[in-house]
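Open the model in your viewer and keep the selection tool at hand. We will go from a whole chain down to single residues.

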Amino acid sequence: MLQFPALSHLNLSGLILRLLLGSIILLLIPDSRIQLIRSIGPRTFLITFLYSPFFWIEFDNSTAKFQFVESIRWPPYSNINLYIGIDGIFLSSAVLTTFLIPIRISVGWSSIKSYKKEYMIAFLIRESLMIAVSRMSDFLLFHVFFESVSISMFRQRKIQAAYQSFLYTLSGFVFMLLAISSISFQTGTTDLRILLTTESSEWRQVLLRIAFFASFAVKVPMVPVHIRLPEAYVEAPTAGSVISAGILSKLGTYGSLRFSILMFPEVTFFFISFICTLSVIAIIYTPLTTVRQIDLKKMIAYFSVAHMNFVTIGMFSLNIQGIEGSISPMLSHGLVLLAPPLCVGALYDRHKTRLVKYYGGLVSTMSIFCTISLFFTLANMSLLGSSSFIGEFLILIGAFERNSLVATPAALGMILGAAYFLWLYNCVVFGNFKPNFLKKFSDLNRREVFISLLFIVGVIWMGVYLEVFLECMYTCVSNLVQHGKFD
Amino acid sequence: MFDHDFLALFLEIFLINATITSPIYGVVFSTSKRYDYPPLVCNVGWLGLPSVLITILLVAAGALVANLFYNNLIIDNFTYFRQIFPSLSTASTIPTCLDYFKEESLNAPEFIILILLSICSMFFMILAYDLIATYSAIEPQSLCFYVIAASKRDSEFSTEAGLKYFILGAFPSGILLFGCFMIYGFTGVTNFEELAKIFTGYEITLFGAQSSGIFMGIPFIAVGFLFKITAVSFHMWAPDVYEGSPTLVTAFFSIAPKISILANMLRVFIYSFYDPTWQQLFFFCSIAFMILGALAAMAQNKVKRLLAYSSIGHVGYLPIGFSRGTIEGIQSLLIAMFIYVLMTINVSVTVLALRKNRLKYIADLGALAKTNRILAITLSITMSPYAGILLLAGFCSKFYLFFAALGCGAYSLAFVGIVTSVTSRFYYIRFVKIMYFDTPETWIIYKPMDREKLLLLAITLFSTTSFFLYPSPLFLVTHEMALSLCL
């Protein structure tokens, strides 16, 4: 009845189990042996990362089916099975996850003073959950794992932000759970592959679509419920968990792509105008509101909101360019948008403040930092040749094809974002040095430079040759578009 | 002619004999001058535990299906599995209370004996197949409870709790009895099977009532039962009693009687009086239950009161299962019941372990994460299923309940259930906040707990966390129980 998946070398559940195994081993090591914890934890991540490209290499680009499929039978009488597989849309993003998380750990490591073991274990479990999320084809389980990821995020210092994010995500959860249950009772299953072949009445579809939207809007985040994200960003202790927040919102867009667009294609058309309006509002409003922020992390958080809404515009243009374009920022986001938090983290570790007005003239003391952050600033402005350029370009093309009225303000948002990033860079790096506030000066150390270099290589590689990433998702995306008869 | 019947009641006979021998032992030796009047509570406890364990073995070994004593008692799959629950809960209560007696220097071997006696009557209650048998099994059980609620004679709270429990326990017994009279008076039978024959297709609707006596009788019975499981609007005694009586009594109260009474309720209302009219009663009761449990628990600041309210709320989820009388609903109820027992054992063991220095307020848990890290993690994991955090057993149970509710069209019930379980997360976070993030002025250092508690904690924690990996056995067993009840 229960088939435990073997730990073979090419096995998705093996990947997840390996991480869990690592966390269990860590659990058994006493706290005092920090050196051992430090060596085992990252090694587990490293092994996971080294395995994940195999999936990429072995992946068959010519089909939209799930690949590397495994299933475990779950409770009898209800067709909820632990069905693991991966499709083209999320393949590269999943590989990227395994790449990014070890980096996060190593970035955040030195600034974590207590609970180091728990920190590591939390990350291990979180990564395994994230990998699991991206591989669930059953959307009840997708949702459950998704929520578990957000709950494992709940370890921030200030409780206020945690309360907020908790309640926000949960409000979405309520509707989602009801929608899932009602679907499962209509059809008898929650497996996406089977659900795609079923039909439900239009009225029902509208209700379900609203429920799904309510859930994903919180995660993406759309405009009225985006407040959670900046708060969570600010309270996050290190660069490490800042980035996880970024990945979560990506999972949100991914979920809405796979589960709501694919499932309710007819109704999606009714919602396009609504969602696009919300996204446009966010795109215009958030860069404007970033300018009046004084906290570095908050700025980046707001910018990330703008970016995610840009992605939703691409997604709801419902053509191949738009959707591919909206997936590729998920990849480039991982590198580009998450690099500034690293920089902010580096600044924060040195000076213990995130307020912009204390910074200035860093160019005279931290020259390597300034060079690297210039690179990332430019990449965030989607400079030609950086990874975010192609994605945004595709999104704009897709949006134009669907509706040029939406594309115009979206393009305006790009300008605003660029202006804001230049302004920020100017504030921090140039101008008068403020020695009254900043007493110690040390440039980036070797580890930080190394990590940044990894990011830079990734950004340029993607920017020049995004084809590698796009080709594995092409079949999937075109299948999606055809399924919904969007063209 | 009773040969067969006595064989079928072998385990009850054994348990009664064991219970009778231990007071003789206790009385004789604790009053013996030769041994210097030893406090024998632990010895009696260690005698009682194996007798419970042997009873469990006997339950497990003797799978017999029979109607006993002129159809007054019944043994089928439902009763057979059901008896294991109370025995397990006793088997967990006894080892936890031994340390308590030692610490409080409370020499009350009668406590153990009363617990064993109440278990006997619970067995009979589960077996009961007749209104008179039901009532005569409820009464000894309640009598034992009145005594143990007031067992700490030097504490004002305990005596007050005992008095309250007595008054508010005798009252519903009266109501129940009145209901039974009405039913008997207007039908002339008390046996469940005969009642079931009468009530098949009877339709007790308000205006189409063929007999107002029956229409009166059933609500009286229902109210009597609801009082006993601390249903909302009949719950007023519960928080006071739970708070006032000694902690281990609280632990026992929140588990054992609820199992037996729910078992009997299922028997009465699913088998004998199957009718949509009273189902409405449970429907509204369940809604009120959940709302009060979630809201009132939020306002509590004493640990035991909070546990009382969360237990009220949690039991409130159970009537969802049988408010529509589907097999799936009953199955989900049984699953939820089992998981509730596990979780409640875990929480109450934790609270017992933190008893030194009188853990009274939730704020006393401050900095528990620093003083006793494992306990803090355990408590936060165990509290989380109360709130329905994902991937833990509590979530599975609640989800299956909502699933069943949606399956039989009780949409509002599922909606309220999900909303309340979301709001109840609020107080769960409060626990975590207090334990992990607050630094109170006085740190309370708790004594390390003894081995029995540790073992219990470990078992229950493991089973709640790893439940979702392999839920099939429980699903199968509960399905069988539900089937044998209905068919």
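What percentage of the 487 residues of chain B count as buried? The value is 63%. Keep in mind that this is a predicted model.

**Stop 1: chain B as a whole**

Select chain B. Colour it by secondary structure: there are 21 helices and two strands. The radius of gyration of chain B is 22 Å, close to the 23 Å that the globule rule gives for 487 residues, so chain B is as compact as a globular protein of that length. Turn to the principal axes. Along them, the C-alpha atoms of chain B fill a box of roughly 65 × 60 × 40 Å.

Now display contacts within chain B. Take those between residues at least 6 apart in sequence: 80% of them join residues at least 24 apart.

**Stop 2: a helix pair**

Select residues 327-353 of chain B, which form helix α14. The crossing of α14(B) and α20(B) is left-handed.

Show the side chains where they touch:

- From α14(B), pick B:L342, B:M343, B:I345, B:N346, B:V349, B:T350, B:L352 and B:A353.
- From α20(B), pick B:K453, B:L456, B:L457, B:T460, B:L461, B:S463 and B:T464.

Colour this contact of α14(B) with α20(B) by residue type. Nine of its residues are nonpolar, five are polar and one is charged.

**Stop 3: a serine inside a helix**

Go to B:S286. This serine sits in helix α12 of chain B, residues 276-298. Is B:S286 buried or exposed? B:S286 counts as buried, because its relative accessibility is 0%, and the cut-off for buried is under 20%.

What surrounds it? Set aside the neighbours within four places in sequence. B:S286 is then in contact with B:G316, B:P319, B:I320 and B:L413.

**Stop 4: the cysteines**

Select the cysteines in every chain. How many disulfides are there over all chains? The count comes to zero. A disulfide is a covalent bond between the sulfur atoms of two cysteines.

Zoom in on B:C285. B:C285 is in no disulfide. Its nearest cysteine sulfur belongs to B:C408 and is 16 Å away, whereas a disulfide needs the pair within 2.5 Å. B:C285 counts as buried, at 9% relative accessibility.

Last, jump to chain A and select A:C370. At 3% relative accessibility, A:C370 counts as buried.

Methods. Residues numbered from 1 in each chain as written. Chains lettered and ligands numbered in written order. Predicted model: local features only at pLDDT ≥ 70, side-chain atom pairs only at ≥ 80, totals over all residues. Heavy atoms only, no water. Axes fitted to C-alpha atoms, helices over the stretch in contact; angles between N-to-C directions. Helix = DSSP H or I, 4+ residues; strand = E, 2+ residues; numbered from the N terminus. Left-handed = near helix turned anticlockwise from the far one by under 90°. Contact = heavy atoms within 4.5 Å. Nonpolar A, V, L, I, M, F, W, Y, C, P; charged D, E, K, R; others polar. Buried < 20%, exposed > 50% of the residue type's maximum accessible area, 1.4 Å probe, protein only. Rg over C-alpha atoms; globule rule 2.2 N^0.38 Å.
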